[in-house]
Amino acid sequence: MCIRRLLHPSSLHWAWRTTVLKGTWRRQQGTHCWKRSGGSTYRAVIFDMGGVLIPSPGTVAAGWEVQNHIPSGTILKALTKDGENGPWMRFMRGEMTTEGFLEEFERLCSEIAKTSVPVDSFFSLLTSEQVAKQFPVMTQAISQIRAKGLQTAVLSNNFCLSNGKSFLPLDRKQFDVVVESCLEGVCKPDPGIYQLCLERLGLQPSESIFLDDLGSNLKAAASLGIHTIKVEDPETAVKELESLLGFPLHVGVPNTHPVRKSMEIPKDALEKYLKDLLGTGATGPLELLQFDHGQSNPTYFIRLADHQLVLRKKPPGALLPSAHAIEREFRIMKALGNAGVPVPTVLDLCEDSSIIGTPFYLMEYCPGIIYKDPSLPGLEPSWRQAVYTAMNQVLCKIHSVDLQAVGLDNYGKQGDYFPRQVRTWTKQYRAAETSTIPAMERLIQWLPLHLPQQQRTTVVHGDFRLDNLLFHPEKAEVLAVLDWELSTLGDPFADVAYSCLAHYLPSSFPMLRGFRDQDVTKLGIPTAEEYFRMYCLNMGIPPIENWNFYMAFSFFRVAAILQGVYKRSLTGQASSAMAKESGKLTWFMSDLAWDFAVKEGFHVFKEMPATKPLIRSLHTRAGPQSFLNPTGVRSYSSAAEASYEAKGGLIISPEGLSPRVRELYDRLRHFMEQHVYPVEPELQRHQTSVERWSPSPLIEDLKEKAKAEGLWNLFLPLETDPEKKYGAGLTNLEYAHLCEVMGMSLYASEVFNCSAPDTGNMELLVRYGTEEQKACWLVPLLEGKIRSCFAMTEPQVASSDASNIEASITEEGGSYVLNGHKWWISGILDPRCKLCVFMGKTDPQGPRHRQQSILLVPMDTPGIKVIRPLTVYGLDDAPGGHGEVRFEHVHVPKENIVLGPGHGFEIAQGRLGPGRIHHCMRLIGYSERALALMKTRVKSRVAFGKPLVEHGTILADIAQSRVDIDQARLLVLKAAHLMDVAGNKAAALEIAMIKMVAPSMAYRVIDRAIQAFGAAGLSSDYPLAHFFAWARALRFADGPDEVHQQTVAKIELKTPARLQESAAPRL
Ligand SMILES: Cc1cc2nc3c(=O)[nH]c(=O)nc-3n(C[C@H](O)[C@H](O)[C@H](O)COP(=O)(O)OP(=O)(O)OC[C@H]3O[C@@H](n4cnc5c(N)ncnc54)[C@H](O)[C@@H]3O)c2cc1C
């Protein structure tokens, strides 16, 4: 199916598949049996239904699961669950009603998927007319088999529908015998049902051939002596059947039918015209067939004497001037044919409507193969590779045509292709819009901001896909490129990207088949990237960097088209089957498009030059050697250390950041101003509404936008992620500046996937997780698809001392069993929270810091009981909340332990490294925002005859706040810098100092701002009260102040004084 067919659901294909028959056959007079040269005699062909005559439930399920975000394989697992005694098999034996089956099946699927599975919707799709449609190749084969006098049978494992009728969406007249499991009470592979079928056919097993897609069914048939064919795809199976039977099953001109009454054209006038055109040799009866599709531009096959032609005409009636422009098709094919591009040879354009009623053109009929399934089933990997290489080469040929030389330089507008295309398709989409699709909205904003610089203008095919190419039947050579209806002049990369759509679509995708669920390397098909690079190499051009833009646009365009189909179907202009599906498909396509926009966002920062050395002179450098000298004295050196050049110095203001990070910083600020601050009131409303325990859709939308801008996962420090595999590769110091900006809004850090406790957990997984643990948890966390929590604190013990915790982790069989009572577990109530990083004791008798272990606990594990959400000054921080929770006999697989038993304490320390100072960085942001709000407020309010700002105490408060903030910021930056250059351990003092300082500093600054605001400061009209609550809570949440004081004091006492007492004179 091509894009034009989506625009005009009824369209055409005029090429046909040549069948090369290798077997010989002879009709045995009167006996109705067929003998191949090999000697076997067949009298009947028996067909299974699903997977042979119509699509299999498994294939339908795969596509449905993708579209409905159901874990892949759920339906298949449920279908095979419990074998013969499972609900599917019982349903097929007619032992269950449809309602009973659906109920049980839904429960089973939901259990497997661990989420609710709307089985009804799958079942309606499976049984819909649109899906349950017989493969035309099979219809053709059946009629050929019967024409030769052989019997046909369908032997189906099927079921009854709720109306009591059996589900058999086939024309029963095609079969001599129909055997249905739900009516017989017996199912394949039970031998009884095969015997029943043979009995009704009146044949011996060896006289029949059985086709099925399931190995177990074939095995049972073979053991009875029936000859079998495994059906991987219908086309290949028919070929195999042909060679067994020894007569052709593909005949005539494929995809044609007798001309429909309403589409008839005056034969005599046409014949006369053709004879004039082709010369006197063209005599004889004129055979006219119509291609199956083609109500848009009706297309006909013509045989006249030894000429085989294709006629394509405009439809009758009044037409829009630009629509059905068959003249353009004729013009481009003629020009390209002259330039050596393989296209059907066009013969004549007849603009005289008096001949057949409308203008038309003629071309030579071109026999060859059209590969309708882009995964090329039944071919060798090397052949597949050759097919895709040929496709790539022919595209290069199209794009290399000299427009002027072939007279196509005015075939379309030159330049500005994408701005025009984005406008056009946005307009088309808006005209067909039926509801708001978030991904489309984001794309409509994103695409115009990321338009590529057009490098070249060439012919653009506009619908360049494998199934628009006609191949040589015996070699991988493109004989003709078809379907030029959407061609124009434009940016050639549009075609390259469009021809890679199939790489990203599932094989069962309705209308546009793909192969994303298959291993392309195994298939021999080049990956999209390889295909794109092959194109650049063939064209002799360097690869472009914004490839993802082109992919995003291609999917956006298809989504807009699908929306048009959907709208037409709602108004009755397209079939009802399309109506149901295309609406959903628009969502699916636009999500795919958005994924590419997001990838482009990542690519933005991945492609930026690496961090440059310092450009500011104001810095302090420190390194392990200079930091802790051999005598154990902490010292700071202002001298440059070559090895730390890359990490730079202490950059105290954003102006000193490297250009790359400065640019990121500026974009972040811009994003905050444009997208975050304006929606704070809305987010705050959500947080106090009854829906607050569900994530705000607005936040999800902002996350997508931030991802696409590359403002994502900025927190992961370069030392943890040196290859920048997971994050933006910022140093802690660089991130400190950015994190401060995020701290200015309570909602921002989640928008950029930089919020606690996920940041700490992600870093834990990056540092200590196995590859399996990373794949399972880190990837979805990095993608912002799930959230997580960290469970350490317990109500019954002083948890500021982590060695006190009592939760137990014991071994039982192959798993660990957790028992414990935790509280203040931030984020655990969030429905997106899928992972709990749990700390407990595996060895209570072991050395104090080796007793603890950390386990990754899936949140849906039975035994996790959230008792209640706790509040901070009455705020519940929904949707994540802070939960009190019991873990009762929670069984966790052994491989979920992090780093092995006894490493819990060590990991918790590591986890709290950078994560600890993130809060401090944010607290600087809170404080800056509070001070900014305070300044504005006191300038505008008057008390006792003058603005508040002129009152001395207010001035003093402002001054004190500025001093407090700057002092704390310097300490945050210093701690971050030391973590970068000397490591987290060496920075322990600075980490403890800033944790001691930042929350109470912020608490004081915010308190002053609240005071200056008057009562309004306590309300939720301003973020001050919320900031205040958080600053207060952070005097515990990251460990109580006193614990940090203890650390500072201990280190200080170990550090020799800078001035030796003995050296000072006595007073
Ligand atoms: C908003 C919020 C979110 C939180 N999120 C999480 C989370 O996600 N996961 C999690 O596991 N925990 C979380 N916590 C819990 C937090 O980590 C603990 O509250 C903290 O570690 C202190 O433990 P505790 O409450 O048991 O206090 P205790 O250990 O009982 O301490 C009580 C007080 O004793 C004093 N004290 C303790 N040690 C010393 C000392 N050495 N010297 C002098 N005085 C001392 C301090 O004044 C301290 O405040 C959160 C807490 C809050 C408020």
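1. Let's start with Glu928, which sits in helix α30, residues 904-940 (helices are DSSP runs of H or I with at least four residues, strands runs of E with at least two, numbered from the N terminus). Glu928 is buried, at a relative accessible area of 15% (buried means under 20%, exposed over 50%, partly exposed in between, with a 1.4 Å probe and protein chains only). Setting aside neighbours within four places in sequence, Glu928 touches Glu740, Met744, Arg962, Ile965 and Arg969 (contact means heavy atoms within 4.5 Å).

2. A word on what you're looking at. This is a predicted model, where local features need pLDDT of at least 70 and side-chain atom pairs count only at pLDDT 80 or more, while totals for chains, interfaces and linings use all residues. Residues are numbered from 1 along each chain as its sequence is written, and side-chain values use heavy atoms, leaving out hydrogens and water.

3. Zooming out, the chain has 34 helices and 27 strands. Buried residues make up 55% of its 1067 residues. Among the chain's contacts with a separation of 6 or more, 71% are between residues 24 or more positions apart.

4. Now the ligand. Its shell holds 19 residues, with Phe790, Thr793, Ser800, Trp824 and Gln1046 coming nearest (a residue is near if one of its heavy atoms lies within 4 Å). A side-chain N or O atom of Thr793 is 2.6 Å from a ligand nitrogen, and a backbone N or O atom of Ser799 is 2.9 Å from a ligand oxygen.

Conventions:
Polar contact = N/O pair within 3.5 Å; in protein donor to acceptor, adjacent residues only side chain to side chain.
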